[in-house]
Amino acid sequence: MKMAYKIPGAAMDRVSLLWRLRRRARRGALCMALFCLTMALLYTLCAENSIPVTDAIFGVKARTRAQPRAHTIVKVLRGTGGSKPMYTDPQKLPGVIPGDPQKPIPILSSSNFSMESTSKDHSLGGKKRERGLFYWLLAQPLTIFGGRRRGDMGTAIRDADVFKPNGALGEVWNEEMSSSMLGKRLRKVVQNYQAMNKYGVKYPATVRAAHRYKLSGPEILCEIKEKVQVTTLTPDMEPFSGFPWGSQLPPRQITSDVGPFKTCAVVSSAGSLKNSGLGKEIDSHDAVIRFNAAPTAGFETDVGSKTTVRLINSQLMASEDHHFLSSSLYSAGILVSWDPSPYSSDLWEWFNKTDYPIFKQYQRYRRLHPQQPFYIVHPRMEWQLWQRIQDNMGEAIQKNPPSSGLLGTVLMMSLCEVVHVYEFLPSRRKTELCHYYQRFSDAACTLGAYHPLLYEKNLVKRMNQGSDRDIYTLGRVTLPGFATFNCTSSTHSKT
Ligand code: NCC
């Protein structure tokens with residue numbers, strides 16, 4: 001006989017309570033999952049728009065003079081994947097958003113930004129692993145709503161397209177490059193800097209119109225030789241003659257103290273030096289100039305190990321992250337520094353209005369390293385060189401000083417008989433990778449944003465005395481030292 005099993009009332013209540021609890025837990029978990037998904041979605045959308053918000057807080061203030069607080073911006077604009085924040089000058093960030101040229105908005109291409117790895121493991125393949133699954137789930141371009149990441153102009157030319165085999169650069173740098181050949185984002189950035197005039201450049205359109213004809217390479221070389229004074233600050237110059245620390249400045253011009261050298265190498269910091277194997281060739285020169293924080297340790301095969309001169313900008317000198325005062329990177333060779341000055345190049349005006357605290361850092365460094373030769377470029381060199389670029393271009397260029405690369409090239413032309421410039425004009429290894437020693441990619445590093453780099457490269461291409469093959473295979477340009485050529489009337493400019 002079958003016995004009916006009867007659950008007592010209290011036990012029945014307990015069972016249904018358990019069942020209800022389990023059901024609630026399941027619902028709770030479902031809600032949590034939905035909540036997390038929504039948050040992830042919101043995060044992805046907000047991350048897309050975070051930079052203008054940041055700029056609203058910091059942007060304008062940070063773009064005023066000598067930005068000691070600029071690094072705080074980067075604390076907000078962290079690299080993805082928890083990478084170390086990097087000091088970044090909002091003025092020199094890869095771009096500004098078009099619209100109001102007086103209110104440029106810095107863009108940090110955070111999607112591909114990652115702080116330098118000077119270790120051997122700097123292969124791009126490691127990127128995914130470091131960033132983790134969460135990044136890859138969330139930080140990919142969100143296209144489900146037809147959205148796009150900043151800088152991605154949809155069907156328009158992208159900055160990266162310029163580097164493609166059939167891109168605007170071609171196989172070898174096209175000396176007729178103009179801002180119209182850039183991707184849409186970079187073009188707007190360049191146009192904005194063309195419209196801005198932070199340094200009070202006075203260069204009327206009529207002057208530009210008068211220079212419309214094309215000068216030949218030798219003519220440009222002569223213009224530079226005759227119109228660009230490669231000078232450094234000396235203690236007798238006002239206002240430095242009146243300051244006790246003025247005596248820390250080298251008493252003689254760099255061109256009197258250094259060289260002459262027979263052969264010199266200018267090593268740009270371009271990403272295309274990576275895997276170039278140019279190290280031996282670079283080191284075979286009598287003197288080698290490098291820029292800013294570009295290291296040799298760990299990269300000898302590609303960039304060599306000799307450093308005769310290091311040209312640094314004032315941004316680096318002021319940056320906490322570069323440890324300028326303590327890093328051994330800067331204690332080898334001759335140091336030369338520069339800072340963007342007002343267009344007038346008046347030393348008093350500049351002294352009161354440096355972009356970064358170059359003089360304060362200079363004094364500190366000199367106290368720590370009194371024996372190391374350390375020069376400061378006279379700012380008129382920047383603007384005299386800028387004029388040579390503008391005079392020879394068919395369009396208005398950015399009203400900002402030339403890059404360290406071109407300043408260093410002209411400096412070496414005044415110290416050497418032959419100058420080889422490496423990867424300033426990109427070789428067949430051309431890449432969006434900014435530096436050979438960093439994992440940060442942005443076409444702006446090669447094509448320019450703040451600096452009129454595009455036009456600097458046009459000029460260098462025209463002056464090149466080597467072959468296109470050298471550029472293509474080695475990224476090498478050959479320029480003559482100023483002492484090696486005479487500027488006769490036939491090579492003079494027609495002005
Ligand atoms: O990047 P940077 O330049 O230090 O590079 C030195 C010179 O190499 C040439 N170059 C570099 C990269 C690349 N892909 N192609 C190139 O042709 C250029 O001629 C460049 O001048 C500078 O000119 O001083 C600059 O400095 C950096 C930065 O201040 C320093 O590296 C210190 O961190 C500027 N970058 C930023 O401010 C973010 C850069 O705009 C100019």
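Residues are numbered from 1 along each chain as its sequence is written. Because the model is predicted, local features need pLDDT of at least 70 and side-chain atom pairs count only at pLDDT 80 or more, whereas totals for chains, interfaces and linings use all residues.

The protein chain contains 17 helices and nine strands, where helices (H or I, at least four residues) and strands (E, at least two) are DSSP runs numbered from the N terminus. Of its 495 residues, 43% count as buried, a residue being buried if 20 or more other C-beta atoms, placed from the backbone, lie within 10 Å of its own.

Helix 13 and helix 14 pack with their axes 11 Å apart and at an angle of about 100°, the axes being lines fitted to C-alpha atoms over the stretch in contact and the angles running from 0 to 180 degrees between N-to-C directions. Helix 13 is therefore roughly perpendicular to helix 14, a term that covers angles of 65 to 115 degrees. In this pairing, Met381, Glu382 and Leu385 of helix 13 meet Leu406, Leu407 and Val410 of helix 14, contact requiring C-beta atoms, placed from the backbone, within 7 Å.

Val410, which lies in helix 14, is buried because 21 other C-beta atoms are found within 10 Å. When residues up to four places away in sequence are not counted, Val410 touches Ile224, Val228, Val230 and Leu385. The C-alpha atoms of Val410 and Gly481 are separated by 8.8 Å, although these residues are 71 residues apart along the chain.

Key:
Parallel < 35°, antiparallel > 145°, perpendicular 65-115°, else oblique. Contact = placed C-beta atoms within 7 Å. Buried ≥ 20, exposed ≤ 12 C-beta atoms within 10 Å, placed from the backbone.
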